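Subject: A structure for you to look at

Hi there,

Here is the structure I promised to pass on. Have a look at it first, and then read my notes below.

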Amino acid sequence: MRLNEVEPADPLAGTQAFETFYLRHFDAMTRFVARRVTDPHAVADLTAETFLAALHSRDTYRPGRGSETGWLYGVARNVLSLQRRRSEREARAVERVVARRLLDGDDIADLTDRIDAEEPARRALSAMADLPEGERALLELVVIDQLTVAEAAQALGIRVGTARVRLHRARRTLRKVPGVTAALVTEGL
Amino acid sequence: MTVSFRDKLLEELRAEAATVPWEPRPARRPARPLVAVAGLAAAVVVAVAVVVPLMSDTPAFAVVKNSDGTVTVRINEFVRPKELEQRLGEEGVRAVIDYVPHGQTCREPRGEIVPQPDRMPLRRAEDSIDFSVDPEDFGPDETLVVQMHSANGDPVKSHGGSVGVIRGPVAPCELVPAEFSGVERE
């Protein structure tokens, strides 16, 4: 039952709250990143960057205006999109916290397991690549990352009603794509 | 047992968290967010009008470069958008600014919208609207697109609007009635 599952009034109010917030979302965030990059070092770096970005932009989270999950996925999407842009621009010198130095052999094995476990999700993501950006981003968050429609809408900064319309449209488009399973198209919609 | 990556990263974050100020910073914490939107399409739907009296002797707008590299734009009056575009250009942000009559909007979509939640929340200050952007956030082919409207054509009475980012070319603002903008309705 998810009755009374209430998030803290302000999960980013202080150091203690932030640590709890981190522990609550660490697994989901590493999986989110592992669906999108396949190098364990990059997974570690991007997970670290996401939480650092969350720490430094904590005042953009407003309790009562949506869930912390939706907000954090929005932050993570920004981090990944900036990272992609950096690669596209041929690695402009950017000062980064390099989390990979924290990794030992066990950590790399563990992250590699996570990356392998997300292989089906990565295939599904590539099947969606041709959808219009707005629809693809939503479908990703709802079907692949298992966010609720409300959380996904928050992560993308759009209204829930708009999100439903776009999901409906994306589902119609995907039905015509060969190789896309019925589950992918209908799950969560 | 060795310490896992999760716990090592926790240590790093704990150290980082100890260096940031945890008191609410009033300057960065808007009391009443006006609209915080990712895409222009969504923005038009949620645009709200608020009554904001404006002082007549304030400049139409101000563009301030902050020490952290971000640029804060404050709009006091909806006039001379081209000047604001030029001023933003000097700070390294390509921008398209449109002030449209109340009840009208630019036909959507005007280009490929870049979804960026919380990237540039639009805020209502005491007597103006302001927002901040980081020039570093913009890709080489991305444009900041700002659209504001004022109730009854009177810029000193009330306003609402949207801020977003478009990748690639931005279509000129073709005015259409707000309810027929091509924006999805629920």
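At what angle do helix α4 and helix α5 of chain A pack, and how far apart are their axes? Before the answer, some housekeeping: this is a predicted model, in which local features need pLDDT of at least 70, side-chain atom pairs count only at pLDDT 80 or more, and totals for chains, interfaces and linings use all residues. Residues are numbered from 1 along each chain as its sequence is written, chains are lettered from A and ligands numbered from 1 in the order in which they are written, and side-chain values use heavy atoms, with hydrogens and water left out.

**Two helices in chain A**

Helix α4 (residues 105–117) and helix α5 (residues 119–127) of chain A pack at about 45 degrees, and their axes lie 4 Å apart. That angle makes α4(A) oblique to α5(A) (under 35 degrees is roughly parallel, over 145 roughly antiparallel, 65 to 115 roughly perpendicular, and the rest oblique). Axes here are lines fitted to C-alpha atoms, for helices over the stretch in contact, and angles run from 0 to 180 degrees between N-to-C directions. Helices are DSSP runs of H or I with at least four residues, strands are runs of E with at least two, and both are numbered from the N terminus.

On the α4(A) side, the contact (heavy atoms within 4.5 Å) is made by Ile115(A), Asp116(A) and Ala117(A), and on the α5(A) side by Glu119(A), Pro120(A) and Arg122(A).

**A covered helix**

Next comes helix α6 (residues 133–144) of chain A. Ten of the twelve residues of α6(A) are buried (under 20% relative accessible area; exposed is over 50% and partly exposed in between, with a 1.4 Å probe and protein chains only). Among them are Leu138(A), Leu139(A) and Val142(A), but also the charged-type names Glu135(A), Arg136(A) and Glu140(A). Just after α6(A), Gln146(A) takes a positive phi of about 65 degrees.

**The disulfide in chain B**

The structure holds one disulfide over all chains (a pair of cysteine sulfur atoms within 2.5 Å). Cys106(B) and Cys173(B) form it, with sulfur atoms 2.0 Å apart. The pair sits 67 residues apart, with Cys106(B) in strand β6 and Cys173(B) in the loop between β11 and β12 of chain B. The torsion about their S-S bond is about -95 degrees, so the disulfide is left-handed. Cys106(B) is buried at 0% relative accessibility, while Cys173(B) is partly exposed at 25%.

Around them, chain B has three helices and twelve strands, and 48% of its 186 residues are buried.

Enjoy exploring!
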